[in-house]
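This briefing is for a reader new to the structure shown below. Please keep the sequence and the model in view while reading the points that follow.

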Amino acid sequence: RLLIIDFGSQVTQLIARRLRELNIYCEIHPFHDVTAAFLKAFEPRAVILSGGPASVTDKDAPRPPSEVFDLGVPVLGICYGQQVMMDMLGGRVERGDGTAEFGRAYVTPMEDRIDLLTGWFLDTREQVWMSHGDHVSEIAPGFEVYGTSPNAPYAITADLSRNFFAVQFHPEVHHTPNGRTLYENFVRLAGFTGDWTMAGYRDEAIARIRERVGDAKVICGLSGGVDSSVAAVLIHEAIGDQLTCVFVDHGLLRQNEADEVVAMFRDHYNMPLIHADESDLFLGELDGVSDPETKRKIIGRLFIDVFQKHATEVGGAEFLAQGTLYPDVIESVSVSGGPSVTIKSHHNVGGLPEKMGLKLVEPLRDLFKDEVRALGRELGLPDSFIERHPFPGPGLAIRCPGEITREKLSILRRADAVYIDQIRKHGLYDEIWQAFVAILPVRTVGVMGDGRTYDFACALRAVTSVDGMTADYYPFSHEFLGETATRIINEVPGINRVTYDITSKPPGTIEWE
Ligand code: XMP
């Protein structure tokens, strides 16, 4: 296995991701945990020293134990990792007064070619991503230079006799387009065959959960979304009936959704599941409320109360399981943000663990969304479930502008089901990031048969997006839109007019509220 020693770079997880893509098993450990004894026990076949925000020129700058360089295994230093390597092996690093470099740069090769660079410089130079303040001013004895950029004369260096490599740029980021090749070469040099798979990840994750939880009880809030479902199934595999899931049904779910969730988890997976049908409570408190933020706040507050009430019924639980993903982790530790405006209060169970005195288990913390899906497939969750569009916590409440009534919800559910059925039938579901119907708070006049109608209008929404932060409306054909409108009006009593929402985000948001 490969050891990544983390010095605190924002992109360390991306190194792990690149390696997982190459079917290599690796673990990230923060530098302060990596002692000589740790190294001995870990027995890495190769080591990567990550980037990080510190300066090697500071007296108490973080360093790996010097034994890293005595293991006889390949070592790759990246950015701060390069600097710390040079410093510890007898080179020099200087503070980057005026030589800081951020962003795109181009590296050109020296005449000698090394195996690490197989597949590089086919285009004579390579685009790389730099992000450093300090720089190496003298390389350590034994090292040679194999690539330079205008601001980094030591962009790529290596000591081939010891298989030590050090680069100033970040090969793991998207803006170093051929970075993956560099990792591929490095792990090949280290003797990895690339036979590790998601099945392997699953086994290791299960072992880690067992170790963390022991024989304690765990509760998990199940929403029916991909993340919490994969987390629940994984934890159930690890600790069986020590896990109880609480599925809060706020009465704002889509057609058949509650039944499907219960059938899958309780009947198919045989998991202890509390189906908290609290629709009367939620719809009661939402009665007469039309302000979007007030709706969100009510739902968020009740959700926590209800979850807490049912979780307490389990009795003696010590852990709360959450389907936190790596992008959520980066976001919550991001230092770049500063105070930002609340556009919508997103509902989550933040703060709940402290309030209930629970410890967290977050088995998906180092995975990206597509990896969670791959893990879900590995765990046998059906494809139709894993590829589902995202669904917001407040559910249909925010797709029902104005006052929420049971009548409107029931019309909305039926219209949404017809719309999604249309999208699936036309093979468009996977091309679209999210699609749904919103029922509008207006009635309009129509004519059906020989009679006058006075029913609700609805809006269809479908967007393409990468992460939900920005979005574009999906360019359906007019035939598709016409056919869908006809079906909805024919099949859903209560709707007599259908519109298509062609707003992008920004300036619109994806949801209507
Ligand atoms: P907006 O409407 O802000 O939505 O453009 C972006 C994405 O977030 C989802 N969304 C939510 N998800 N809790 C959630 O878990 C919420 O309160 C919430 N509000 C919006 C929305 O469905 C879209 O995918």
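The loop between helix H7 (257-268) and strand E14 (273-277) holds Asn270. This is a predicted model. In it, phi of Asn270 is near 60°, a positive value in a residue other than glycine. The points below start with backbone features of this kind and go on to sheets, a helix, cores and domains.

**Backbone features**

- Is Asn270 buried or exposed? Asn270 has 11 other C-beta atoms within 10 Å, and a residue with 12 or fewer is exposed, so Asn270 counts as exposed.
- Phe121 is another residue other than glycine with a positive phi, here near 65°. Phe121 sits in the loop that runs between strand E6 (101-109) and strand E7 (126-132).
- Phe121 is partly exposed, because 17 C-beta neighbours lie inside 10 Å.
- A cis peptide bond leads from Lys505 to Pro506, and its omega is near -15°. Pro506 belongs to the segment after strand E20 (495-500).
- The bond from Pro506 to Pro507 is cis too, with omega near 10°. Pro507 is likewise placed in the segment after E20.

**The five-stranded sheet**

- An open sheet is formed by five strands, in the order E14-E13-E12-E15-E16, with parallel pairing.
- E14 and strand E16 (359-361) are the edge strands; each has a single partner strand, so one side of each has no neighbour in the sheet.
- On average, neighbouring strands of this sheet are turned by 30° against each other, direction ignored.
- Strand E13 (residues 243-249) and E14 run parallel and are joined by five bridges. Across this pairing, Phe247 stands opposite His275 in E14.
- Helix H7 lies across E13 and E14, and runs at about 165° to E14.

- Strand E1 (residues 2-6) is mostly covered, with five of its five residues buried.
- Which residues of E1 are buried on each face? Leu2, Ile4 and Asp6 are buried on one side, and Leu3 and Ile5 on the other, so that both faces are covered.
- E1 runs parallel to strand E3 (residues 46-49), and four bridges join the two. Leu3 has Val47 as its bridge partner in E3.
- E1 also pairs with strand E2 (residues 26-30), in the parallel sense and over five bridges. In that pairing Ile4 stands opposite Ile28 in E2.

**Helix H14**

- Helix H14 (residues 406-425) has 20 residues, which at 1.5 Å a residue should span 28 Å. The end C-alpha atoms of H14 are 29 Å apart, which agrees.
- Buried residues in H14 include Leu409, Ile411, Leu412, Ala415, Val418, Tyr419 and Ile423. Lys408, Arg413, Asp416 and Gln422 are also among the buried residues of H14.
- The cover over the buried residues of H14 includes strand E17 (434-448), strand E18 (451-464), helix H15 (478-491) and E20.
- Gly427 follows H14 and has a positive phi, near 70°.

**Nonpolar cores**

- How many residues does the largest nonpolar core have? The largest nonpolar core has 75 residues, and those with the most contacts inside it are Val218, Cys220, Ala232, Ile235, Cys245 and Ala415.
- Helix H6 (residues 226-239) gives the most to this core, with nine residues.
- The core lies between domain 2 (198-386) and domain 3 (405-500), because both domains give residues to it.
- Apart from this core lies another one, of 57 residues, including Ile4, Val68, Met86 and Ala152.
- Leaving aside neighbours within four places in sequence, Val218 is in contact with Val213, Ile235, Ile239, Gln242, Leu243, Ala317, Phe319, Ala321 and Val361.

**Domains**

- The domain assignment of the protein gives domain 1 (2-189), domain 2 (198-386) and domain 3 (405-500).
- Between the C-alpha centres of domain 1 and domain 3 there are 52 Å.

Notes. Residues are numbered from 1 along each chain as its sequence is written. This is a predicted model: local features need pLDDT of at least 70, side-chain atom pairs count only at pLDDT 80 or more; totals for chains, interfaces and linings use all residues. A nonpolar core is a set of buried Ala, Val, Leu, Ile, Met, Phe, Trp, Tyr and Cys residues joined through C-beta atoms within 7 Å. A residue is buried if 20 or more other C-beta atoms lie within 10 Å of its own, exposed if 12 or fewer, and partly exposed in between; C-beta atoms are placed from the backbone. Domain bounds come from an automatic or database domain assignment. Two residues are in contact if their C-beta atoms, placed from the backbone, lie within 7 Å. The expected span of a helix is 1.5 Å times one less than its number of residues. Two strands pair if DSSP finds at least two bridges between them. Axes are lines fitted to C-alpha atoms, for helices over the stretch in contact, and angles run from 0 to 180 degrees between N-to-C directions.
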